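Welcome! Take a look at the sequence and the model, then read on.

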Amino acid sequence: AACLRRGKSPWSGGIHLLWSAYVFITPLFGGGYDLPWVVLTLCSYPLFLWMYARLLLAPQRQGWRYALGMAALCLLLLRWYPSGLSYFVFGCVMLRVSAQRPTYRRYALQLLAMNAAFVAVAIWVGYTVATWLWVPVMTFVIGTIINVEHASQEKDAALALSQEEVRRLAATAERERIGRDLHDLLGHTLSLITLKLELSRKLFDRDPAAARRELEDAEAVAREALAQVRSAVTGIRATDLAAELASARLLLESAQVQLDYAPPPQGLPPE
């Protein structure tokens with residue numbers, strides 16, 4: 001739903017699953033594709049995919065559980081399954097995706113705690129120094145990049161909400177102005193027409209000529225009111241150059257194009 005509101009495909013989050021190809025590439029660097037690797041992959045990779053989908057679809061207040069689940073899956077299989085290192089990286093990165101507006105300091109502390117647990121397990125299992133050093137570095141680098149991207153997306157979302165609120169308030173103010181204008185324009189006129197019609201009804205039997213004059217006056221007043229309403233509606237529908245420029249600038253900014261323009265000169269004819 002969030003992707004659809006931003007005009008993105010709802011499947012765009014799945015593109016990051018391409019990084020899970022390292023699960024299938026890791027055996028090339030040692031160990032090979034033996035039977036234990038096949039069994040552990042068939043058991044763990046579908047579980048990883050399920051947690052990834054749940055993290056994207058679940059409410060943000062619950063998403064962190066699946067991110068920690070990915071990291072825990074890696075730590076449980078670390079002794080026998082080096083390919084599971086990808087699960088840990090996904091867990092660290094997706095922890096930021098599932099968070100509800102965290103500060104980077106809090107996220108960095110979470111990464112530090114998770115990587116401390118990883119290093120402790122890696123040392124206990126017997127991994128080389130190079131292995132348990134590059135994983136924390138990788139998670140911090142990718143996590144920082146994702147943090148910056150999501151902070152920017154959150155600011156864009158807040159800006160879009162503020163722009164929608166400005167439009168809504170502007171539309172409300174315009175409706176109120178139109179209501180006041182129509183009331184000022186028609187209130188007096190309709191009252192005058194009502195009085196003249198009442199007077200003509202009373203004069204109809206006693207003085208037909210006077211009643212006819214009152215009806216003619218009421219007709220003239222009604223025609224004048226109709227002309228004023230048409231003029232007012234034409235003015236409401238018309239858009240001046242400044243409004244069009246502002247609308248064009250807002251439209252272009254949504255496409256990341258900056259429009260710079262000077263205020264239109266005063267006294268231009270409407271055409």
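## A first look

E216 forms a salt bridge with R212, with 3.5 Å between the closest N and O atoms. A salt bridge here is a side-chain nitrogen of Lys or Arg within 4 Å of a carboxyl oxygen of Asp or Glu. By this rule, the count comes to two salt bridges. Please keep in mind that this is a predicted model, in which local features need pLDDT of at least 70 and side-chain atom pairs count only at pLDDT 80 or more, while totals for chains, interfaces and linings use all residues. Residues are numbered from 1 along each chain as its sequence is written, and side-chain values use heavy atoms, leaving out hydrogens and water.

- E216 and R212 both lie in helix α8 (residues 208-237), four residues apart, about one turn of the helix.
- R212 is exposed because its relative accessible area is 57%, whereas E216, at 41%, is partly exposed. Buried means under 20% relative accessible area, exposed over 50%, and partly exposed in between (1.4 Å probe, protein chains only).
- The side chains of R223 and E219 also meet in a salt bridge, at 3.1 Å from N to O.
- R223 and E219 are likewise both in helix α8, four residues apart, about one turn of the helix.
- With a relative accessible area of 57%, R223 is exposed, and E219 counts as partly exposed at 42%.

**The overall fold**

- The protein chain has nine helices and zero strands. Helices (H or I, at least four residues) and strands (E, at least two) are DSSP runs, numbered from the N terminus.
- Of the 271 residues of the protein chain, 27% count as buried.
- Among contacts between residues at least 6 apart in sequence, 58% join residues at least 24 apart. Contact means heavy atoms within 4.5 Å.
- The protein chain exposes about 18400 Å², and carbon and sulfur atoms supply 65% of it. Accessible areas come from the Shrake-Rupley method with a 1.4 Å probe; for residues, only the protein chains shown count as cover.

**The nonpolar core**

- The largest nonpolar core has 34 residues, of which F48, M70, L78, Y87, F88 and F118 touch the most other members. Such a core is a set of buried Ala, Val, Leu, Ile, Met, Phe, Trp, Tyr and Cys residues joined through side-chain atoms within 4.5 Å.
- Leaving aside its neighbours within four places in sequence, M70 is in contact with F48, M51, Y52, L55, Y87, F88, F90 and G91.
- S44 lies in helix α3 and counts as buried because its relative accessibility is 3%.
- Beyond its neighbours within four places in sequence, S44 is in contact with L73, L77, Y81 and Y87.

**A nonpolar patch on the surface**

- W19, Y22, I25, L28, F29 and Y33 form a nonpolar patch, with about 740 Å² of accessible area together. In such a patch, residues have over 30% relative accessible area and no salt bridge, and nonpolar side chains (Val, Leu, Ile, Met, Phe, Trp, Tyr) are joined within 5 Å; like charges are joined within 9 Å.
- F29 lies in the loop between α2 (22-25) and α3, and is exposed because its relative accessible area is 69%.

**Confidence**

- The average pLDDT (the predictor's confidence in each residue, from 0 to 100) is 79 for the protein chain, and 85% of the residues score at least 70.
- Confidence is lowest in helix α1 (residues 2-5), at a mean of 67, and highest in α3, at 89.
- Where pLDDT is low, the predicted coordinates should not be read in detail.
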